[in-house]
Amino acid sequence: MGKVYITDHPLIQHKLTYIRDEATKTKDFRDLVDEVATLMAYEITRDLPLENIQVRTPVATADSRIISGRMLGLIPILRAGLGMVDGILKLIPAAKVGHIGLYRDPNTLQPVEYYVKLPTDVQERLLIVIDPMLATGGSANMAIEALKKRGCTQIKLMCLIAAPEGIQAVQQEHPDIDIYVAAIDDYLNDHGYIVPGLGDAGDRLFGTK
């Protein structure tokens, strides 16, 4: 069974408080999400393999370590996932970025796929699927399934906030996937929103509501 990691670093929790606050304006919301994504990227890359090398410092030769050839890919779920990409790229600038476009049918609350564009070598990369909110789990499951259908086997899921129902749905559908979140909230309401949550992440990121 995939593990669930809560990145409860004080800086993340501090910034998450202002992300939740309905009084936070669009620019500040966007900046905060970007900053939290960078901080979460430290945790999600913690187990990357290292190899030993030697470098010459101005003083002497140093035994050092570098990441051992692991190629990374960032897969934001459109559109809200875009808000976290730049923050991760600040830490991992060599990562390639693919996109999966999904929208939620307002009547059934089920995701509908409308766009998939991935790096040509996506099967060789460790992929981080990115979506700020893990609510019903439908979008995450569909995105992960889209990657698996294309031969991808190394996948992690990164979200800001998750509902217990969403975590359970992903674990049932994709028990091999590790999930990284900044917080697990209480429940989903009748409209499929996480409570207390932060509202609609896409609308708040792009000022569309």
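**Exercise 1.** Work out how helix α1 (residues 10-20) and helix α2 (residues 26-44) are arranged: how do their axes cross, and which residues meet?

*Solution.* Start with the axes: those of α1 and α2 come within 9 Å and cross at roughly 155°. Axes here are lines fitted to C-alpha atoms over the stretch in contact, with angles from 0 to 180 degrees between N-to-C directions. Helices are DSSP runs of H or I with at least four residues, and strands are E runs of at least two, numbered from the N terminus.

Next, the direction: α1 and α2 are therefore roughly antiparallel (that label needs an angle over 145 degrees).

Now list the contacts, meaning heavy atoms within 4.5 Å. From α1 you get L11, I12, K15, Y18 and I19, and these meet F29, L32, V33, E35, V36, L39 and M40 in α2. Sort the residues of this contact and you have 10 nonpolar, no polar and 2 charged. For the sorting, Ala, Val, Leu, Ile, Met, Phe, Trp, Tyr, Cys and Pro are nonpolar, Asp, Glu, Lys and Arg are charged, and the others, Gly among them, are polar.

A word on the ground rules: this is a predicted model, where local features need pLDDT of at least 70 and side-chain atom pairs count only at pLDDT 80 or more, while totals for chains, interfaces and linings use all residues. Residues are numbered from 1 along each chain as its sequence is written, and side-chain values use heavy atoms, leaving out hydrogens and water.

**Exercise 2.** Find the aromatic pairs and describe their geometry.

*Solution.* Look for Phe, Tyr and Trp rings (the six-membered one for Trp) with centres within 6.5 Å; planes under 30 degrees apart are stacked, over 60 edge-to-face, and the rest tilted. The count comes to 2.

Take Y5 and Y180: this pair is stacked, at 4.6 Å centre to centre with 15° between the planes. Y5 sits in strand β1 (residues 4-6) and Y180 in strand β11 (residues 178-184), so the pair ties together parts 175 residues apart in sequence. Y5 is partly exposed at 28% relative accessibility, whereas Y180 is buried at 4% (buried is under 20%, exposed over 50%, partly exposed in between, with a 1.4 Å probe and protein chains only).

Then Y103 and Y114: this one is tilted, at 6.3 Å and 35°.

**Exercise 3.** Which residues of helix α3 (residues 82-91) are buried, and what covers them?

*Solution.* The buried ones are G83, M84, V85, G87 and I88. Their cover includes α2, β4 (72-78) and α6 (201-206).

Conventions. Angles under 35 degrees count as roughly parallel, over 145 as roughly antiparallel, 65 to 115 as roughly perpendicular and the rest as oblique.
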